[in-house]
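Subject: Structure handover

Hello,

Here is the structure we talked about. Please open it alongside this note; my findings follow below.

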Amino acid sequence: MGRVTALAFAARGANVVAADVAVAAGEETVALIGQAGGSARFVATDVSNGPAVRRAVQTAFDTFGGLDCAVNAAAIEIETAPLADCDEETFDRLVAVNLRSVFLCLKHEIKAMLAQGRGGAIVNIASTNSFRSQPNQAGYTATKHGVLGLTRAAAVDYAAAGIRINAVCPGAIETPILLGAIEARERDPRRSPADSACSAGSAGPTRSPKRCCGCAPMRQASPSDTRSPSTVATSPAKPSARTARRPGDAGPEVQRHRQGLPGSPEKREDA
Ligand SMILES: NC(=O)c1ccc[n+]([C@@H]2O[C@H](COP(=O)([O-])OP(=O)(O)OC[C@H]3O[C@@H](n4cnc5c(N)ncnc54)[C@H](O)[C@@H]3O)[C@@H](O)[C@H]2O)c1
């Protein structure tokens, strides 16, 4: 989703700094932007590391003269078992990469935007797990609840400075984080029986990253907007929250999981 978002920004004329711990993939994203006629720079960044995040933000200043928008999308999902079987290292890693990272990114992005004095917009990618859990995702769910908490707190703190801070809460999107988590759980004999409903079942139909993130970056959610298959949690600058859903295309991994479900996820009415 980070790549699709970066490409969408670049397509609309933004200069992009792509920051990721995955160097080859990050450089590929920058190359794709360049091939499309855009301008981008990659910075190898572990988002759980404060100085590294500060460097990435500084790169936006040094290379492109400032920072107006930021999307904080990096995360991992490495759990394969119910809470009591989740080891401390796994939980700590989830908190570092999924939650501490958002704190660090917000901190440095907000400081940069305040220094510029012309406001800005920040979007954190949370999850439907920010509102409810799914089997074998206690740590991930806790971090995604935390991302909403940070988003709400920061939005209140900086609305007066003209910095809009929102969260997008996707359902199941066919990306490496989802497919990797499903496959890892399939291999783990400790997983709970409820895991047959994991990911696809509780989160609803899966969608492609482009359908989730390819829409106009940073636009505000409007009541008539049904393009984004996500919940959008908005800052006080525009208080509203809604969910828009539509059927998506399920990939083979997720379809396999659906076969164990008592009913089709599409028939669910949860949102
Ligand atoms: N795919 C889904 O079904 C789904 C559903 C809800 C929410 N989300 C959220 O959407 C966001 C984007 O995920 P995605 O689906 O594109 O997954 P993805 O695995 O394709 O992307 C995650 C990215 O985070 C990067 N990353 C991991 N650890 C990092 C670290 N320490 N420092 C810097 N970068 C790091 C990875 O290299 C990868 O590029 C995540 O926050 C995820 O939790 C995804």
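Some terms first. Helices (H or I, at least four residues) and strands (E, at least two) are DSSP runs, numbered from the N terminus. Buried means that 20 or more other C-beta atoms lie within 10 Å of the residue's own, exposed means 12 or fewer, and partly exposed is in between, with C-beta atoms placed from the backbone. Covering is counted by contact: two C-beta atoms, placed from the backbone, within 7 Å.

This is a predicted model: local features need pLDDT of at least 70, side-chain atom pairs count only at pLDDT 80 or more, and totals for chains, interfaces and linings use all residues. Residues are numbered from 1 along each chain as its sequence is written.

Back to α2. (The expected span is 1.5 Å times one less than the number of residues.) G26, T29, V30 and I33 are its buried residues. Seen down the axis of α2, they fall within an arc of 95°, so they line one face of the helix. The arc is that of the directions from the helix axis to the C-beta atoms. An α-helix has 3.6 residues a turn, so residues three or four places apart point the same way. The face turned away from the buried side carries the exposed residues A24, A31, G34 and Q35. Just after α2, G37 takes a positive phi of about 90°.

**The chain overall**

The protein chain has nine helices and seven strands. Of its 271 residues, 47% count as buried. Take contacts between residues at least 6 apart in sequence: 68% of them join residues at least 24 apart.

**Helix α4**

Helix α4 covers residues 88–116. Its 29 residues should span 42 Å at 1.5 Å a residue, and the end C-alpha atoms are 40 Å apart, which agrees. There is a kink of about 35° in α4, centred on R100. The bend at a residue is the angle between axes fitted to the seven residues ending there and the seven starting there.

Which residues come nearest the ligand? M1, A74, A75, T175 and I177 do, out of 24 around it. A residue counts as near if its C-beta atom, placed from the backbone, lies within 6 Å. By class, the shell has 17 nonpolar, five polar and two charged residues. Nonpolar means Ala, Val, Leu, Ile, Met, Phe, Trp, Tyr, Cys and Pro; Asp, Glu, Lys and Arg are charged; the others, Gly among them, are polar. Helix α6 (residues 176–187) gives the largest share of the shell, three residues.

In α6, L178, A181, I182 and R185 are buried. They fall within an arc of 100° seen down the axis of α6, so they line one face of the helix. P176, E183 and R187 are exposed on the face turned away from that side.

**Two single residues**

A70 lies in strand β3 (residues 69–72). It has 26 C-beta neighbours inside 10 Å, so A70 counts as buried. Leaving out residues up to four places away in sequence, A70 touches C105, E109 and I122. The C-alpha atoms of A70 and I122 are separated by 4.7 Å.

N136 is in the loop between β4 (120–125) and α5 (138–158). Its phi is near 65°, a positive value in a residue other than glycine.

Best wishes
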